[in-house]
Amino acid sequence: MNKKVKLKGQLRNYMLSPILLTGILIALNIPMYFYMVEAGVAVSVFVVIYFAIVCFNYQKKKPLFADEIIDFATQYGTVQKRLLDDFDIAYALLDNTGKILWVNKKFTELTGKDKNYRKSITSLFSHITKEIIQKNKSESQLHIKYNNIELRAQLKRIEFSNISLENEMISIEENGEYLTTLYLFDETQLNRYIRENDAQKLVAALVYIDNYEEVLNSIEDVKQSLLIALIDRKVNKYFSNMDGLVRKVERDKYFVVFRYMYLTEMEEDKFSLLEEVKTVRVGNEMSVTLSVGIGNTGATYNQNYEYARMAIGLALGRGGDQVVVKEGDRITYYGGSSKQVDKQTRVKARVKAHALREIIASRNHVIVMGHNIADVDSFGAAIGVYCAGRVLDKKVQIVLNEVTTSLRPLKERFSEENGYEPDMFLTSDEAIELTDNQTLVMVVDTNRPNYTDCPEILKMTKSIVVFDHHRQGSEVVENPILSYIEPYASSTCEMIAEVLQYFTENIKLTACEADAIYAGILIDTNNFMQKTGVRTFEAAAYLRRCGAEVTRVRKMLRNDMADYKARAEVMRHAEVYHGAFAISVCPAEIVESPTVVCAQSANELLNIIGIKASFVLTDYQNKIYISSRSIDEINVQSIMERLGGGGHLNIAGAQLPNCSVEEAKYRIRQIIDEMIEKGEIER
């Protein structure tokens with residue numbers, strides 16, 4: 001074999017260098033014949049003898065060199081293999097199907113499988129599949145668990161075409177064959193240290209008493225200090241058990257710091273503090289409720305505090321009596337099952353009215369928009385803002401892309417014949433052309449940017465005002481200069497009616513304007529049967545004094561025969577899930593405004609004995625619209641939030657794109673099952 005071995009590169013040049021030197025000696029020998037013939041002959045004899053010795057050595061020593069090189073390479077390869085076998089990291093060689101070809105001692109020690117184990121790697125580690133191996137083009141990593149050992153698996157592909165092997169016995173073609181090397185790094189201890197370090201990190205929390213003034217006003221003066229002391233004791237005891245530090249920063253606000261390790265424990269008991277504080281009784285008929293905002297996973301403690309501030313804002317915006325945990329972009333909600341507190345004071349409404357007046361007065365152009373497929377509440381609130389702008393002689397226009405059957409009788413009254421501008425209502429395209437950085441954009445009856453009639457104009461101006469009565473979710477209009485979100489309010493029209501009373505003295509509303517705002521309250525309260533409080537009736541009384549007429553509004557809100565037939569179909573085909581949840585589908589093809597009929601049908605299903613919550617779905621404009629309603633036992637908002645929607649405790653909805661009706665019904669049933677299993681819903 002060694003006779004067929006050809007030396008190449010530097011070694012071949014080294015072996016041929018004496019022969020090259022012979023050529024130089026011959027070249028030097030020729031001139032010597034011209035000076036001294038005897039000397040030239042002597043040198044020639046020397047050169048011949050030298051050349052013969054060199055050729056003899058080359059032919060004789062070349063096989064010995066090759067043998068030594070092959071022996072060294074063999075020993076070197078053996079040493080490498082031994083080093084790899086003794087490598088302190090588990091190592092395995094796999095073929096392109098995941099079959100194990102070779103393993104080292106550490107791999108055997110880890111798995112108990114030696115070099116004779118020739119099965120697929122998936123039989124040991126179910127996460128490392130054939131598909132993952134074949135998808136891996138160069139190098140990839142994944143984290144797996146094996147017998148309580150946490151491993152980081154690193155896969156690296158070795159292409160045969162990249163291996164340099166040349167001899168007379170093997171010929172490699174570039175046909176895509178490859179091997180995969182698997183390294184297993186034991187990170188159990190490292191991950192334990194990371195978890196321990198994370199567990200010691202500090203979490204910031206803000207605790208607010210929701211109904212501080214209302215509860216104190218409901219008891220005698222001598223008992224007020226006792227009530228506050230009992231609340232303080234409940235809050236301090238709860239967080240002290242978690243090794244937390246509690247500091248009271250205001251009479252109804254606490255700042256809390258505790259370690260992350262206790263957050264999981266709080267989440268498991270669903271923040272029992274919310275229920276414990278409701279047991280405080282010293283003669284107060286109204287239960288005390290708390291809102292808690294927790295910030296975590298921030299890069300600094302200041303960032304955790306900012307997360308806590310954002311979380312408490314969400315908790316208050318959603319009606320209070322709940323905990324919001326913000327961990328970076330992830331937001332989790334707990335509680336929120338009690339009804340919102342109906343606040344008696346109008347101080348906030350007066351403050352917001354004065355602020356809105358100043359903002360509108362400083363702008364020349366105002367654009368108002370509600371949610372897409374506007375309802376009566378959204379339309380009435382927009383009309384109220386129009387009236388406020390008219391008092392200040394400001395141009396106010398309303399974005400209205402689609403007019404539903406329930407909205408058409410109201411909108412037709414705001415015509416040019418009745419003294420209104422022909423451009424009072426705009427489409428989205430027209431609003432985009434008219435909006436600039438100085439335009440005031442006012443959003444009513446929603447606080448989600450993607451639910452508005454024209455989300456694009458929210459990015460075209462920095463002057464944004466939000467008025468809404470829905471609970472806030474994780475997605476909200478960013479950086480409004482004024483935000484008035486009150487979940488306790490029955491409707492946005494109620495909020496607007498209150499603001500108009502403080503906006504300016506003797507503000508005048510026409511009969512059709514008062515009717516529109518009154519109709520919004522009427523629809524959202526289901527004829528004053530849901531979410532009504534003292535302030536709801538006060539707002540209705542104010543509108544009645546302004547010229548609203550109940551009979552006229554009732555006539556405008558009547559439905560046609562097609563809507564009644566559609567509602568009858570909803571009732572006829574309703575299925576009752578778990579004996580308490582009515583789920584049905586509204587036929588969209590036989591009515592002009594299926595989303596309106598959908599909401600009406602959900603209300604009617606609650607009139608059936610035993611029904612705790614209703615869900616009506618309709619397929620409209622390539623989306624599944626869901627209207628959900630309940631009376632008092634079920635929090636339908638939490639159900640709709642899991643579908644990407646939201647709303648109130650008893651009135652909520654969601655929109656599902658790229659989904660079929662059957663898929664939507666299945667997801668509702670699945671969420672109900674999960675909530676029953678976790679105890680969030682009692683059967």
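In this predicted model, the axes of α16 and α17 come within 9 Å and cross at roughly 160 degrees. Angles over 145 degrees count as roughly antiparallel, and α16 and α17 are therefore roughly antiparallel to each other. Helix α17 also packs against α15, at an angle of about 60 degrees. Another helix pair, α19 with α20, packs at about 50 degrees, and the model holds three cavities of 30 Å³ or more.

**Helices α16 and α17**

- Helix α16 passes α17 in a left-handed crossing.
- On the α16 side the contact residues are Ala514, Ile517, Tyr518 and Ile521, and they meet Thr536, Ala539, Ala540 and Leu543 of α17.
- By class, this contact of α16 with α17 comprises seven nonpolar residues and one polar residue, with no charged residues.

**Phe528 in the loop between α16 and α17**

- Helix α16 spans residues 511–524, and Phe528 is located in the loop between α16 and α17.
- Apart from neighbours within four places in sequence, Phe528 is in contact with Tyr518, Ile521, Leu522, Thr536, Phe537 and Ala540.
- Among these partners of Phe528 are Tyr518, Ile521, Thr536 and Ala540, residues that also take part in the contact of α16 with α17.
- The C-alpha atoms of Phe528 and Ser490 are separated by 9.1 Å, with the two residues 38 residues apart along the chain.

**Helices α15 and α17**

- Helix α15 covers residues 492–503 and helix α17 covers residues 534–545; their axes are 9 Å apart.
- With an angle of about 60 degrees, α15 and α17 are therefore oblique to each other.
- The crossing of these two helices, α15 and α17, is left-handed.
- Helix α15 contributes Glu494, Ala497, Glu498, Leu500 and Gln501, which meet Arg535, Thr536, Ala539, Tyr542 and Leu543 of α17.
- The contact of α15 with α17 is made up of five nonpolar, two polar and three charged residues.
- Thr536, Ala539 and Leu543 of α17 take part in the contact with α15 and also in the contact with α16.

**Helices α19 and α20**

- Helix α19 (residues 561–572) and helix α20 (residues 594–605) have axes 10 Å apart and pack at an angle of about 50 degrees.
- The helices α19 and α20 are therefore oblique to each other.
- The crossing in which α19 passes α20 is right-handed.
- Asp563, Ala566, Arg567, Val570 and Met571 form the α19 side of the contact, while Val597, Gln600, Ser601, Glu604 and Leu605 form the α20 side.
- The residues of the contact of α19 with α20 divide into five nonpolar, two polar and three charged.

**Cavities**

- Three cavities of 30 Å³ or more are counted, and the largest cavity holds about 40 Å³ of space.
- The lining of the largest cavity consists of Gly370, His371, Ala374, Ser378, Phe379, Ala382, Ile398, Val399, Leu400 and Asp453.
- The elements giving two or more residues to this lining are α12 (376–391) and β13 (395–399).
- Helix α12 supplies the largest share of the lining of the largest cavity, three residues.
- By class, the lining of the largest cavity has six nonpolar, three polar and one charged residues.

Conventions:
Residues numbered from 1 in each chain as written. Predicted model: local features only at pLDDT ≥ 70, side-chain atom pairs only at ≥ 80, totals over all residues. Heavy atoms only, no water. Axes fitted to C-alpha atoms, helices over the stretch in contact; angles between N-to-C directions. Helix = DSSP H or I, 4+ residues; strand = E, 2+ residues; numbered from the N terminus. Parallel < 35°, antiparallel > 145°, perpendicular 65-115°, else oblique. Left-handed = near helix turned anticlockwise from the far one by under 90°. Contact = heavy atoms within 4.5 Å. Nonpolar A, V, L, I, M, F, W, Y, C, P; charged D, E, K, R; others polar. 1 Å grid on protein atoms, 1.4 Å probe; cavity = no way out; pocket = protein on both sides within 12 Å on 5 of 7 lines; lining within 4 Å. Points joined across faces, edges and corners; volume = space filled by probe spheres on them.
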